Amino acid sequence: MTGLLARVLAPARRALAGAGVALLAVGAIAVVAAPAEAAGPRPNFQMPFPCGETWRLATYYGHDDYDIDMTFTGGASSGRPILASYAGTVTFAGWTNGGGWYVVVDHGGGWRTSYAHMIESPPVRAGQWVSTGQQLGRVGSTGNSTGPHLHYEQTRDGVKTEAYFNGVPSGITSDGSPSTGPLYVSGPVSPARNMTSQNCGQVSSNRQVYESGSHSGWQMLPVNSITGSATASMVMGTNKLLYTVNDGRVYEASSDTGWRNLWTGISGVSNDALAVINVDGVKYIYTVVGGMVHEAASNNGWRNLNTGISGVSANALAAISLNGVKIVYTVVGGSVHEAASNNGWRNLNSGISGVSANALAAINLDGVKIVYTVVGGSVHEAASNAGWRNLNTGISGVSNDALAVINFNGVKHIYTVAGGMVHEAASNNGWRNLNSGVRGTGVSATSLNGVKILYTI
């Protein structure tokens with residue numbers, strides 16, 4: 001704290017200290033106001049503390065509007081865990097003179113949260129994905145701080161805003177001073193209040209979507225501010241199409257329109273199952289609604305119609321087309337089922353059993369239908385011309401929740417997640433499972449002009 005700010009705060013700090021008010025932060029994180037850029041919907045932010053804990057939220061004259069100092073009401077604050085208010089990507093984890101040890105998390109859609117004055121170097125790193133409720137550090141008093149507390153901020157498109165927790169406004173808005181900024185919210189100093197954390201282990205499944213191409217060493221690039229819990233992708237002509245599920249709604253974005261993310265109107269679907277195919281220039285989207293597979297088509301205004309395929313896992317779905325016939329694969333009771341549009345969507349058991357209910361992929365290779373599953377952490381391959389015998393590829397140690405496959409110049413390529421990293425294995429390389437260097441917990445794949453393309457979350 002130097003210069004004008006120090007001179008402005010000094011009298012107020014003396015007065016408040018004389019009144020017995022604890023002064024905690026003396027400046028923490030500098031947030032530069034920026035023009036609004038149409039931020040996405042406000043995430044369902046939670047208190048940055050374990051479920052059921054009650055904390056005092058307060059500010060003081062000259063603290064900066066919307067800044068919150070948090071202290072534990074049940075005893076000492078020092079050393080208590082600090083949790084992520086919402087899922088996102090860590091953009092900063094380190095030291096600054098004002099904030100001490102602190103962390104910034106980008107939640108997508110223009111929203112960020114900041115956590116300052118941690119007791120020690122944070123256990124997370126820049127670029128790391130964190131889930132709602134994941135520990136970011138511990139409460140301390142590093143940097144410009146006069147006592148253990150958490151200095152907390154929520155920003156929208158780079159501009160501080162009133163923090164909300166579990167949909168409830170914090171009530172901490174004005175610091176009462178027109179001299180601190182860059183914002184000024186008129187009014188007296190916001191009164192302190194207590195709030196109880198509802199950060200009870202829920203994990204937001206919506207994550208920033210990244211695109212990586214084989215032609216650029218799999219460099220990860222964010223696809224604008226698109227977030228989702230499931231992705232599917234395909235190519236039509238020279239246009240890449242990306243589909244995501246975000247809180248039960250299906251969105252479509254295309255590379256030829258700068259990845260504008262448009263809601264299709266499809267809603268109420270599972271957050272974890274999504275498949276798309278192109279049949280004669282018509283785009284088809286497959287989702288799961290209440291255990292039933294639904295189909296929506298671009299030539300029918302994306303009306304989401306029930307196929308009648310029922311009792312399926314809400315976490316696994318694959319689709320292909322063969323000679324103009326649409327074919328959908330699902331997992332029912334641990335077994336892969338196949339349903340075709342030319343057979344009234346009768347859902348028939350393929351005999352492929354014992355598979356993960358959370359990972360499924362399929363391709364059409366020269367008229368042969370091939371299905372990929374995960375069984376006990378190993379990827380298995382089954383083909384329609386071999387009686388659906390489910391054979392172990394030898395790819396092992398992979399997540400049970402992520403799987404993608406493409407036919408790339410006649411070579412089968414499988415994408416899995418192992419240790420938080422996307423791996424690639426090819427049929428012409430003995431299924432050697434190679435780390436691509438791409439981070440993620442979910443993956444979809446396509447190709448365009450000789451380039452393999454991954455979309456990860």
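**Exercise 1. Which residue forms a salt bridge with Arg138, and how far apart are the closest N and O atoms?**

Solution. 
- Start with the model: it is predicted.
- Find the partner. Glu120 pairs with Arg138, and their closest N and O atoms are 2.7 Å apart.
- Apply the cut-off. A salt bridge needs a side-chain nitrogen of Lys or Arg within 4 Å of a carboxyl oxygen of Asp or Glu, so the pair Glu120 and Arg138 qualifies.
- Glu120 sits in the loop between strand S6 (111-118) and strand S7 (129-130), while Arg138 belongs to strand S8 (residues 135-138), so the bridge ties together parts 18 residues apart in sequence.
- Check accessibility. Glu120 is partly exposed at 35%. Arg138 is also partly exposed, at 29%.

**Exercise 2. Find the salt bridge of Lys160 with Asp64, and decide whether each residue is buried or exposed.**

Solution. 
- Take the distance. The side chains of Lys160 and Asp64 meet at 3.3 Å, N to O.
- Locate the ends. Lys160 is in strand S10 (residues 159-161), and Asp64 is in the loop between S1 and strand S2 (68-72). The two are 96 residues apart, so this pair links distant parts of the chain.
- Classify Lys160. Its relative accessible area is 6%, and buried means under 20%, so Lys160 is buried.
- Classify Asp64. At 16% relative accessible area, Asp64 is buried.
- Arg112 and Asp106 form a salt bridge at 3.5 Å, N to O. Arg112 is partly exposed at 34%, and Asp106 is partly exposed at 24%.
- The structure has 12 salt bridges.

**Exercise 3. Describe the disulfide: its partners, its handedness and the parts it ties together.**

Solution. 
- Count. The structure holds 1 disulfide.
- Name the partners. Cys51 is joined to Cys200, with an S to S distance of 2.0 Å.
- Read the torsion. It is about 70° around the S-S bond of Cys51 and Cys200, so the disulfide is right-handed.
- Trace the connection. Cys51 lies in the loop between helix H1 (3-18) and strand S1 (54-58). Cys200 lies in the loop between strand S13 (193-196) and strand S14 (207-213). The pair therefore ties together parts that are 149 residues apart in sequence.
- Check accessibility. Cys51 is partly exposed at 44%, and Cys200 is partly exposed at 41%.

**Exercise 4. Which strands pair with S22, and in what sense?**

Solution. 
- Begin with S21. Strand S21 (residues 282-289) pairs with S22 in the antiparallel sense, over 6 bridges. Val288 has Val293 as its bridge partner in S22.
- Inspect the turn. S21 and S22 form a hairpin with 2 residues between them. Gly290, in that turn, has a positive phi of about 55°.
- Move to S23. Strand S23 (residues 305-306) runs antiparallel to S22, and 2 bridges join them. His294 has Asn306 as its bridge partner in S23.
- In S22 (residues 292-297), 5 of the 6 residues are buried, so the strand is largely enclosed by the rest of the structure.

**Exercise 5. Where does pLDDT stay under 50?**

Solution. 
- Start with the average. The protein averages a pLDDT of 88, and 89% of the residues score at least 70.
- Over residues 1-38, pLDDT stays under 50. The model has 72 contacts beyond four places in sequence for these residues.

Key: Residues numbered from 1 in each chain as written. Predicted model: local features only at pLDDT ≥ 70, side-chain atom pairs only at ≥ 80, totals over all residues. Heavy atoms only, no water. pLDDT = per-residue confidence, 0-100. Contact = heavy atoms within 4.5 Å. Disulfide = S-S within 2.5 Å. Helix = DSSP H or I, 4+ residues; strand = E, 2+ residues; numbered from the N terminus. Buried < 20%, exposed > 50% of the residue type's maximum accessible area, 1.4 Å probe, protein only. Pairing = 2+ DSSP bridges.
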